[in-house]
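This report covers the salt bridges of one protein model. Please have the sequence and structure to hand while reading.

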Amino acid sequence: MPWATTRPTCPYAWFGTSNTFGPAGLLYLAGSPDFCLLHGTITATKSTTVMIDKLAWVRIENGKILTARSHRRDLYYIPGGKREAGELDEQALRREIKEELTVELVPESVQFLAAFQAPAHGQPAGTLVRLRCYTADYQGRLHPSAEIEEMQWLAYADRHRVSAVAQLVFDHLHSHGLLI
């Protein structure tokens, strides 16, 4: 994607003042006006932060949180993932959890918990991840799919084994007495 460092001349373009989603689930943050949409191409008009927008299923049992680790990854993450085009949070979360852990989230039990933001692990400097967390009941037997190397129930003492954004989730849960 071409990015300019100065404001381009866009006589027939729309200048945005809010966030917009780009390819692969990336969210480009914009202040007024930080980007120019010209003929379908988003062009930065000044410094732009790349935001990876993800959803997570927070499942706590016996004071521990369910986490997963993908193949060839060093840190655990809270299960979930990115939306596909046109998906709502609940739809994307249910799809991702079924793909990763082979269980069905109970639709009427899905509840927004909180959102967290931190530097993205394993991404270029300046890349942030925003994690919108939900709780929900599930049906089925938890089992890692082919894309997941292992599942692990982690306590607060295991905080160092997760990414920066997941550490914020751990802190939040611990401060509310949910994570031991």
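The model is predicted. It holds 14 salt bridges.

| Pair | N to O distance |
|---|---|
| Glu 84 and Arg 95 | 3.6 Å |
| Arg 161 and Asp 158 | 3.6 Å |
| Arg 159 and Asp 171 | 2.6 Å |

In the salt bridge between Glu 84 and Arg 95, the partners come from distant parts of the chain, eleven residues apart. Glu 84 sits in the loop between strand S9 (80–81) and helix H1 (89–101), while Arg 95 belongs to helix H1. Glu 84 is partly exposed, with a relative accessibility of 45%. Arg 95 has 17% relative accessibility and is therefore buried, the cut-off for buried being under 20%.

Arg 161 forms a salt bridge with Asp 158. Here Asp 158 is buried, at 19% relative accessible area, whereas Arg 161 is partly exposed, at 28%.

Arg 159 pairs with Asp 171, and their closest N and O atoms lie 2.6 Å apart. Because Arg 159 lies in the loop between strand S14 (148–154) and helix H2 (164–175) and Asp 171 lies in helix H2, this pair ties together parts that are twelve residues apart in sequence. Arg 159 is partly exposed, with 26% relative accessible area. Asp 171 also counts as partly exposed, at 24% relative accessibility.

Salt bridges link Asp 53, Arg 83, Asp 89, Arg 130 and Arg 132 in a network.

Notes
Residues numbered from 1 in each chain as written. Predicted model: local features only at pLDDT ≥ 70, side-chain atom pairs only at ≥ 80, totals over all residues. Heavy atoms only, no water. Salt bridge = Lys/Arg side-chain N within 4 Å of Asp/Glu carboxyl O. Helix = DSSP H or I, 4+ residues; strand = E, 2+ residues; numbered from the N terminus. Buried < 20%, exposed > 50% of the residue type's maximum accessible area, 1.4 Å probe, protein only.
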